[in-house]
Structures are given as C-alpha cells and as structure tokens.
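Subject: Handing over a structure, with notes

Dear colleague,

I am passing a structure on to you, and my notes on what was found in it follow below. Please read them with the structure open beside you.

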Amino acid sequence: MKHLKLLLACAAFLSLLAPGAAAEEGSGGSALTAYLKGVYLEAEGDFLNAYQYYLYASARDPGNGRILLRLAKTATEVGDYEDARKYCEELVRSGAPGPEARMILAEVEYRLGNREAALAALVELRDRSDVPRFSILKFLAKVYRDLGRTDDARRTLEEASGLPEADPYVFYELGVIHAEAGKLDEARETLEKAVVIDPDFAPARLVLAKLYMHLGRREEGKASFREA
C-alpha cells in the first residue's frame, strides 16, 4: 500500500512537470509564442496548461505586466492563491495601469479567507470609472455580509440594484436582508423583482413563498413553492 501511494504521488508530481516541459518544447524558446499558446489554452478552459505556458513566458520575459496578469488569473483558477497574490502585488508595485490586478487580488484574498484585505481592495476600486461597477458592488456586498456589516451590505445592494446590470441575486440578497430586519413588505417587493428577472431563480421563489404564507397569502405561497 505504501509503495502504491508513493507511485501515485510521483505520478501526480510528474503530471505537474509535464506541462512545463511541453511549454518549453512547444514554444521554441520564445516568450511570445508561449504567451500566445497560454492565451489559447486559457480560452479553451485548460487553465493548468495555460498556467505552465505563462510561467515559461515569464521566465523568458521577467516583469512583463501582460504575462504577470495572465499568471495571476490562471493561478487563481488552479487554486495557487499565494502565487496569484504575489503576481498581483508585483503588478500593483509596478504601477501597472488598470484595475485588473487589484480585482484579482480581492478575489484571492477572499478565497484565502482574508475578508478585511478583500474589503480594502474592493473599497479602493469602487469609485474608479474604469471598473465593472456592478461586479465590484456585488462582490463588496458579499464581503460586508460575511463580516456582519449588514447595513453596509444593504446600502451597497441598493446601489447595485439601480444599475442596468442588476441581476436576480442582488434583489434576492436585498430581499433577505429586508426580511431579516422584519420589513416584510419591502422584502416581498424586492424578491418579486428577482423572480420577474428570472422566473426560475429558485432561492428567491422559496423565500418569497415563506413570506406569502407569513403574510396570510396562502395561495400565492403555495404557487411560489410549486414554481420553486
């Protein structure tokens, strides 16, 4: 059994080395070729091999911001969060333009369980004009909820709900917050907006059904349960 475990561990290790060797062989020693192959593989959803190509490209062209950004993205996708943070911090230190590195950094810190660090990165981003504002607000509200800052989450969700990109999730979360605060009519109205946008959004249907029942609107409650 011990020998079998050792063989499996070696096989796993070699599987990680193989993409790096393939990157070297497949790029002909060119950082640009390796980078372009990484972009192709990333678009195909093959993040591990894309990551290896970007690593090879970065070794051949250290400090290239475009490669570092791709490294940060794919490192996050494959769960290499510490290295993803390192690439983001290097980009931020370099003064690279654009918000992408800080956005990835917020995601990495969140996945590592560092909610306050994620919050700091998102707060810094929220008032920039070159960011996807709705995505930032939605993520920010989630972090506020995790930190128990319900009022901040509510205000952030209300702001997000007024944007053209507003989705069912935003209205659902806002409706739940209203329900928790005992504002049942506001909760109902907000959850109804969620199911208007997406009639198949089951979480909103379920909470809405419970609200209808609590408000004495039993037939609507039963119908909402059936829809869910």
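The model is a predicted one, in which local features need pLDDT of at least 70 and side-chain atom pairs count only at pLDDT 80 or more, while totals for chains, interfaces and linings use all residues. Residues are numbered from 1 along each chain as its sequence is written, and side-chain values use heavy atoms, with hydrogens and water left out.

Ala50 belongs to helix H3, which covers residues 47-60; helices here are DSSP runs of H or I with at least four residues, strands are runs of E with at least two, and both are numbered from the N terminus. Once residues up to four places away in sequence are set aside, Ala50 touches Gly38, Leu41, Glu42 and Thr74, where contact means heavy atoms within 4.5 Å. Lys37 is 13 residues from Ala50 along the chain, and the C-alpha atoms of the two are separated by 7.2 Å.

**The chain as a whole**

The protein chain has 13 helices and zero strands. Of its 228 residues, 38% are buried, and among the contacts with a separation of 6 or more, 45% are between residues 24 or more positions apart. The chain exposes about 12,500 Å², of which carbon and sulfur atoms supply 53%; such areas come from the Shrake-Rupley method with a 1.4 Å probe, and for residues only the protein chains shown count as cover.

**H5 with H6**

Helix H5 (residues 81-93) packs with helix H6 (residues 100-111) at an angle of about 150°, and their axes are 9 Å apart; the axes are lines fitted to C-alpha atoms, for helices over the stretch in contact, with angles running from 0 to 180 degrees between N-to-C directions. H5 and H6 are therefore roughly antiparallel to each other, the classes being roughly parallel under 35 degrees, roughly antiparallel over 145, roughly perpendicular from 65 to 115, and oblique for the rest. The residues that make the contact include Tyr81, Arg85 and Leu91 of H5 and Ala101, Leu105 and Glu109 of H6. By class, the residues of this contact divide into nine nonpolar, no polar and four charged, with Ala, Val, Leu, Ile, Met, Phe, Trp, Tyr, Cys and Pro counted as nonpolar, Asp, Glu, Lys and Arg as charged, and the others, Gly among them, as polar.

Arg85, which lies in H5, counts as buried at 18% relative accessibility. Apart from neighbours within four places in sequence, Arg85 is in contact with Leu105, Val108, Glu109, Leu112 and Asn114.

**H9 with H10**

The axes of helix H9 (residues 150-161) and H10 come within 9 Å and cross at roughly 140°, and H9 and H10 are therefore oblique to each other. Among the residues in this contact are Leu157, Ala160 and Ser161 of H9 and Val170, Phe171 and Leu174 of H10, and the contact comprises seven nonpolar, three polar and three charged residues.

Val170, found in helix H10 (residues 168-180), is buried, with a relative accessible area of 0%. Leaving aside neighbours within four places in sequence, Val170 is in contact with Phe134, Lys138, Leu157, Ala160 and Ser161. Phe134 is 36 residues from Val170 in sequence and 9.9 Å from it in space, C-alpha to C-alpha.

Key: Buried means under 20% relative accessible area, exposed over 50%, partly exposed in between (1.4 Å probe, protein chains only).
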